[in-house]
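Subject: Structure for you to look at

Hello,

Here is the structure I promised to pass on. Please open it alongside this note.

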Amino acid sequence: MRLQFLISLFCFSFVAYASDESQQREIQLRIQPVGKVTIQGQAQTDNKAISNVETKEPGQETYQQYCIVCHRDGLAGAPKFRNEQDWKPRLTKRELNDLLASSIKGLNAMPAKGTCIKCSDDDLKAAISYMLPKS
């Protein structure tokens, strides 16, 4: 019985490994070919599948992993992503560092660091800047 449990636990760990989309993308980048071979006289094809890596803005990954749950729909009064009406009262007479301090301590229903305990202050600042309206 113990052996079956250990085997199933071992197999499950492989399923859970690299299940995160960003980790899968990183793996694809690491294992992509360094170059390509072309034979003279054959038509060259662009290898767009490998170079189809989207560029992300600073803070986008942190937002997508931790902040999107509340800030996409305005859950529990959270200001919606890049919604000027929601962010305007929070930006009045405040700077980015003030918003950062609120996010580190937590504010209203938002937990400290928005559940991203491993995030540095720079990560949080980038995520906040990414969520602010573009104007």
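Below is what turned up, taken by topic. Please keep in mind that this is a predicted model.

Salt bridges

The whole structure holds three salt bridges. Glutamate 57 pairs with arginine 82, with the closest N and O atoms 3.2 Å apart. Glutamate 57 sits in the loop between helix 2 (21–31) and helix 3, and arginine 82 in the loop between helix 3 and helix 4, so this bridge ties together parts that are 25 residues apart in sequence. Glutamate 57 is partly exposed at 36% relative accessibility. Arginine 82 is also partly exposed, at 26%.

Lysine 134 forms a salt bridge with glutamate 57 too, and here the closest N and O atoms are 3.4 Å apart. This pair links distant parts of the chain, 77 residues apart: lysine 134 is in the segment after helix 6, glutamate 57 in the loop between helix 2 and helix 3. Lysine 134 counts as exposed because its relative accessibility is 54%, and the cut-off for exposed is over 50%. Through shared partners, Glu57, Arg82 and Lys134 join into one network.

Aspartate 73 bridges to arginine 72, with closest N and O atoms 3.4 Å apart.

Aromatic pairs

A search of the whole structure gives three aromatic pairs. In one of them, the rings of phenylalanine 81 and tyrosine 130 have centres 5.1 Å apart. Their planes meet at 45 degrees, so the pair is tilted. Phenylalanine 81 is in the loop between helix 3 (60–71) and helix 4 (84–91), and tyrosine 130 is in helix 6 (residues 121–131), so the pair ties together parts 49 residues apart in sequence.

Tyrosine 130 is buried, at 9%. Tyr63, Phe81 and Tyr130 form one aromatic cluster.

Serine 103

Serine 103 lies in helix 5 (residues 96–105). Serine 103 is buried, with a relative accessible area of 8%. A polar atom of its side chain lies 2.8 Å from the backbone oxygen of leucine 100. Not counting residues up to four places away in sequence, serine 103 touches Met110, Pro111, Ala112, Lys113, Gly114, Leu124 and Ile128.

Surface patch

Phe5, Leu6 and Leu9 make a nonpolar surface patch of about 320 Å². Leucine 9 is in helix 1 (residues 2–16). Leucine 9 is partly exposed, with a relative accessible area of 45%.

Best wishes

Note on methods:
Residues numbered from 1 in each chain as written. Predicted model: local features only at pLDDT ≥ 70, side-chain atom pairs only at ≥ 80, totals over all residues. Heavy atoms only, no water. Patch = residues over 30% accessible without salt bridge, like charges linked within 9 Å, V, L, I, M, F, W, Y side chains within 5 Å. Areas by Shrake-Rupley, 256 points an atom, 1.4 Å probe, with all protein chains shown as cover. Salt bridge = Lys/Arg side-chain N within 4 Å of Asp/Glu carboxyl O. Helix = DSSP H or I, 4+ residues; strand = E, 2+ residues; numbered from the N terminus. Buried < 20%, exposed > 50% of the residue type's maximum accessible area, 1.4 Å probe, protein only. Polar contact = N/O pair within 3.5 Å; in protein donor to acceptor, adjacent residues only side chain to side chain. Contact = heavy atoms within 4.5 Å. Phe/Tyr/Trp six-rings, centres within 6.5 Å; stacked < 30°, edge-to-face > 60°.
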